[in-house]
Amino acid sequence: MPQQRPHVVIVGAGFGGLEAAKTLGCTPVAITLLDRQNYHCFQPLLYQVATAALSPAEVAWPIRHILRRQQNATVLMAEVNGIDATARLVKTAAGNFPFDFLVAATGARESYFGHDEWIAFAPGLKRIEDATRIRRSLLSAFEQAELARDEAQRRRFLTFVVVGGGPTGVEMAGAIAEIARQTLARDFRQIDPRTARIVLIEAGPRLLPNFSVQHSNYARDALTAMGVDVMTSSQVIGCDARGVDLKVGLDNGRIDAGAVIWAAGVTASPAAQWLAAEHDRAGRVIVGPDLSLPGQQNIFVIGDTASVRGADGDPVPGLAPAAKQMGNYVGRLIAARIAGRPLPPFHYRNQGILATIGRRAAVVELGPIRLKGFIGWLFWSVVHIYFLIGLRNRFVVAVTWMWGYITFQRGARLITEVPPPRNPA
Ligand SMILES: Cc1cc2nc3c(=O)[nH]c(=O)nc-3n(C[C@H](O)[C@H](O)[C@H](O)COP(=O)(O)OP(=O)(O)OC[C@H]3O[C@@H](n4cnc5c(N)ncnc54)[C@H](O)[C@@H]3O)c2cc1C
């Protein structure tokens, strides 16, 4: 009687989970890949969906299609709501899935620092639904400004607040400035979209805190030149349907706004709770050097859900290349275990950091290589096209960007219905 193949359950088909599944392609295992959505989302370009430059299908790809040729993998759309580590079961509403090896790769979600009620007024950007919701609120604000009956109302609708000065906040603020100053400049009759106020609020002393001070200053200057009000050392202390309350030094302030976007922080998915595991302040599961859960050799946690330290002792950052490296490592480790071979501990290779500020402006830090301005922007564009999944998406995005570069147009300016704000959990 043939021996049954070990069953590997992978939860989450993001960068980490998908890479783990692909790495196990030639290993004699049966893989079940569970995800609550039927597509893999390329989060680094979500802000382009939120700002009408790209359509959702251009940054997402059906998981089932990606793995269609991998005979040892079964893809199922199911939301995981618990894990029984002792009984080795993954729990979903569609039933329980037993496993021999488990890879938890459920990513992160936005953190409202204990104020989850703010999600109703300040959507974050993690999923396609978030991007279309933000797109709706941005474009609707311009429409409402055109209908406004007085100047105060008009000013409010033409004020956009982005909370958080990391790469996503910088990218969003730059893109909104471009929409207002270029894309929509001549499309309205009652308002001049170029007069829109875009405010980027950062609690820390500088933008892009993970980049060098030089690049952080470059980003601030480039945004300021695009007409963005950059407010550093300013903390949002309240969010409501009409704007945000702030603390700037010892003073309190208020900005009335037509749309508020949240890019201020992330917290890990609830995997630590499911596994009753030790976690860091951001909720990420603290794993061992081989990315396994301490005391549970066959349970691995990877990507944004895991708290791992690199060889230099610094935490491995929540970036797509880091998640992919972890997925690849765990895939190889499972294969090695089955073959009875040892594998050295996980080693993180820093593949650099990139952020774009607008057309012709980006910052890139790749070890000793430092790029900014147009060259940085070209590099950023090529890297993002290269890492997109699917030839069609690469081609469409490249052509769309070229067209947008020449015409300043954004082709996905649709205000569509969106579901009510979801619970961030
Ligand atoms: C707006 C934005 C911009 C970014 N820009 C960059 C960038 O420029 N460069 C970069 O390197 N990184 C960037 N990142 C970070 C990068 O996207 C993440 O580090 C990476 O996606 C982490 O991969 P992951 O596999 O851990 O999680 P994810 O890619 O988030 O995948 C998690 C998967 O788990 C699924 N899932 C979650 N919960 C459940 C559940 N309960 N049941 C079933 N399935 C579940 C989700 O549907 C998802 O498919 C950005 C992130 C965001 C949000």
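Setting aside neighbours within four places in sequence, I237 is in contact with W118, D245, L246, K247 and N252, where contact means heavy atoms within 4.5 Å. The residue belongs to strand β14, which spans residues 234-240; strands are DSSP runs of E with at least two residues, helices are DSSP runs of H or I with at least four, and both are numbered from the N terminus. I237 counts as partly exposed because its relative accessibility is 39%; buried means under 20% relative accessible area, exposed over 50%, and partly exposed in between, with a 1.4 Å probe and protein chains only. The C-alpha atoms of I237 and R254 are separated by 9.8 Å, and the two residues lie 17 residues apart along the chain.

The model is predicted: local features need pLDDT of at least 70 and side-chain atom pairs count only at pLDDT 80 or more, while totals for chains, interfaces and linings use all residues. Residues are numbered from 1 along each chain as its sequence is written, and side-chain values use heavy atoms, with hydrogens and water left out.

Attention may now turn to Q70. This residue is placed in the loop between α3 (63-66) and β5 (73-77). Q70 is buried, because its relative accessible area is 13%. Its side chain reaches the backbone oxygen of A21 at 2.7 Å, and, leaving aside neighbours within four places in sequence, Q70 is in contact with A21, K22, L24, G25 and I31.

Of the 28 residues around the ligand, G16, D35, Q43, V80 and D304 come nearest; a residue is near a molecule if one of its heavy atoms lies within 4 Å of it. Helices α1 (15-23) and α9 (320-339) each supply at least two residues of the shell, and the largest share, three residues, comes from α9. An N or O atom in the side chain of D35 is 2.6 Å from an oxygen atom of the ligand. A backbone N or O atom of F15 lies 3.2 Å from a ligand oxygen atom, and for a backbone N or O atom of L319 the distance to an oxygen atom of the ligand is 3.3 Å. On its own the ligand has 990 Å² of accessible area, of which the protein covers 91%; such areas come from the Shrake-Rupley method with a 1.4 Å probe.

Finally, L378 is found in helix α10, residues 373-387. L378 is partly exposed, because its relative accessible area is 38%.

Key. A polar contact is a pair of N or O atoms within 3.5 Å; within protein, one must be able to donate a hydrogen and the other to accept it, and residues adjacent in sequence count only if both atoms are side-chain atoms.
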